[in-house]
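Welcome, and thanks for stopping by to look at this model. Take a moment with the sequence and the 3D view, and then we can go through some questions together.

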Amino acid sequence: MYWNKEVECCSLDALRALQSYRLAQTVKRVYENVPLYRQRMDELGVKPEDIRSVDDLKKLPFTYKQDLRDTYPYGMFAVPMKEIVRLHASSGTTGKQIVVGYTRNDLDVWSDCCARALTAAGATKHDLMHVSYGYGLFTGGLGLHGGAEKLGMTVIPVSTGNTARQINILRDFGSTFICCTPSYALFLAETMKEMGIDKSEIKLKAGLFGAEPWTEEMRREIEDKLGLKALDIYGLTEIIGPGVAFECEEQNGMHINEDHFIVETIDPDTGEVLPEGSQGETVFSCITKEGFPLLRYRTRDIAVLSREKCSCGRTFIKMKKPAGRSDDMLIIRGVNVFPSQVESVLLQLGNTAPYYLLVVDRVNNTDTLEIKVEITPEMFSDTVKSLEDQSRAIKQAVESTLGISAKITLVEPKSLPRTEGKAVHVQDNRKLHD
Ligand code: ADP
Ligand code: ZN
């Protein structure tokens with residue numbers, strides 16, 4: 001049930017000693033090989049010798065996404081290109097894409113991180129792994145592929161696309177594990193229903209879903225519709241890809257692979273390090289990577305960390321479900337809104353499909369919010385009155401949860417776009433006027 005028990009269940013003292021040693025080595029390497037880090041550290045008057053333990057981390061400068069854009073494509077690489085065996089790029093959800101490079105050892109570390117995630121989900125070499133994350137420059141597909149292969153699973157590299165074919169493969173090949181975005185998992189369930197295939201005809205035991213924020217309500221929906229255990233997995237291209245953190249059977253937070261990544265929570269406005277348990281921006285430092293080792297990378301993901309004892313026995317710190325990126329956070333009439341809050345409200349009420357779109361605009365200098373919500377095919381045949389009741393109920397629930405009013409528009413089943421990758425939940429028209 002553990003991939004590497006000795007490490008995953010080690011004591012905090014042992015972890016800190018390992019992290020401190022690895023951090024010092026990494027800082028020395030990046031100082032020597034990455035001009036941006038040498039320059040930033042020189043400006044701060046910090047020498048590599050000053051970084052001896054995890055406590056010294058705060059002396060180091062932050063790294064921002066903009067730094068990766070400014071040094072595009074290879075400026076942050078810490079080894080010569082002949083050592084790099086693979087390139088990946090961020091999917092470019094927000095702005096210009098960035099490029100990352102892996103040495104052979106980095107790929108090995110990455111597979112290890114994903115093998116841990118799969119093992120925690122209950123997978124063994126007897127299982128069949130259906131990978132529906134995209135293959136290519138996106139890290140999802142090849143990342144989990146590497147982990148599953150390392151674990152000895154039978155890997156089915158399906159990638160994205162052709163949903164009906166995916167369902168036939170799931171059924172015919174007898175896949176027992178799957179990975180994809182949570183929104184695609186729902187789309188698979190929806191398509192399965194249309195094809196008249198019951199969940200009892202597929203053998204999926206568990207799925208690893210990530211690459212975008214999703215709620216507990218969405219988890220229940222996926223578990224119910226696909227008849228599997230849905231686990232969260234987190235990662236980002238800049239740090240390594242999927243497998244930075246993963247859920248265990250407790251399903252209440254993701255253990256961060258702390259022997260490879262040191263995590264901090266900071267106040268996104270002041271940069272101040274916050275105590276464990278505070279909500280803030282998650283910051284990672286890579287301490288084993290060779291090709292692209294970032295120090296104090298500002299993820300812009302907002303989450304809470306907790307080192308409370310976990311019943312699974314793993315001692316690595318847990319990251320509670322991230323609410324989303326600070327870039328996804330909308331400020332509507334001064335109120336902070338995450339699309340995931342709306343998702344939560346909708347799924348709690350029921351009767352609507354988990355497909356929704358927040359349309360934000362500015363009319364006469366006032367922000368407006370319209371929430372388009374897809375109704376289920378069952379609801380579609382209901383009376384006008386019951387639809388009106390539904391719309392009113394959503395309006396009230398949204399207002400009491402978010403603290404702002406919204407126009408609710410119920411739309412026909414299947415009228416909002418489906419996605420194979422990360423779902424788009426926001427259309428912010430205010431940007432068009434700026
Ligand atoms: P891009 O930045 O282009 O979207 P990535 O695929 O590297 O490319 O995206 C990583 C981001 O995806 C993370 O920083 C985070 O915002 C989001 N993400 C990944 N996994 C999860 C997860 N399990 N829960 C919430 N958000 C996630
Ligand atoms: Zn656990």
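Q: In which loop does Asn162 lie?
A: This is a predicted model, in which local features need pLDDT of at least 70, side-chain atom pairs count only at pLDDT 80 or more, and totals for chains, interfaces and linings use all residues. Residues are numbered from 1 along each chain as its sequence is written, chains are lettered from A and ligands numbered from 1 in the order in which they are written, and side-chain values use heavy atoms, with hydrogens and water left out. Helices (H or I, at least four residues) and strands (E, at least two) are DSSP runs, numbered from the N terminus. On that numbering, Asn162 lies in the loop between β4 and α7.

Q: Is Asn162 buried, partly exposed or exposed?
A: Buried means under 20% relative accessible area, exposed over 50%, and partly exposed in between (1.4 Å probe, protein chains only). Asn162 has a relative accessible area of 48%, so the label is partly exposed.

Q: What is the phi of Asn162?
A: Most residues other than glycine have a negative phi. Asn162 is not a glycine, yet its phi is positive, at about 45 degrees.

Q: What is the phi of Ser159?
A: Ser159 sits in the loop between β4 (154-156) and α7 (163-173). With 16% relative accessibility, Ser159 counts as buried. Although not a glycine, Ser159 has a positive phi of about 65 degrees.

Q: Which arrangement do the 4 donor atoms make around the zinc ion (ligand 2)?
A: Donors are N, O and S atoms within 2.8 Å of the metal (3.2 Å for Na, K and Ca); water is not among the atoms, so sites may look incomplete. The protein donors are Cys248 (SG), His255 (NE2), Cys310 (SG) and Cys312 (SG), lying 2.1 to 2.3 Å from the zinc ion. Four donors count as tetrahedral if all angles lie between 85 and 135 degrees. The angles here are 104 to 114 degrees, so the arrangement is tetrahedral.

Q: How many residues apart in sequence are the parts that Cys248 and Cys312 tie together?
A: The zinc donors follow the spacing C-x6-H-x54-C-x1-C along the chain. Cys248 lies in the loop between β8 (241-247) and β9 (254-256), while Cys312 is in the loop between β12 (297-306) and β13 (318-319), so the pair ties together parts whose separation is 64 residues.

Q: How far apart in space are Trp110 and Ile240, C-alpha to C-alpha?
A: Trp110 is in helix α5 (residues 104-120) and, at 2% relative accessibility, counts as buried. Contact means heavy atoms within 4.5 Å, and beyond its neighbours within four places in sequence, Trp110 has contacts including Arg86, Tyr102 and Ile240. Trp110 and Ile240 are 130 residues apart in sequence, and their distance in space is 6.6 Å.

Q: How far apart in space are Leu294 and Glu238, C-alpha to C-alpha?
A: Leu294 is in the loop between β11 (279-286) and β12, and its 0% relative accessibility makes it buried. Leaving aside neighbours within four places in sequence, its contacts include Tyr37, Glu238 and Phe284. Leu294 and Glu238 are 56 residues apart in sequence, and in space the distance is 7.6 Å.

Terms used. Four donors count as tetrahedral if all angles lie between 85 and 135 degrees; four count as square planar and six as octahedral if opposite donors are over 155 degrees apart and all others between 65 and 115; anything else is irregular.
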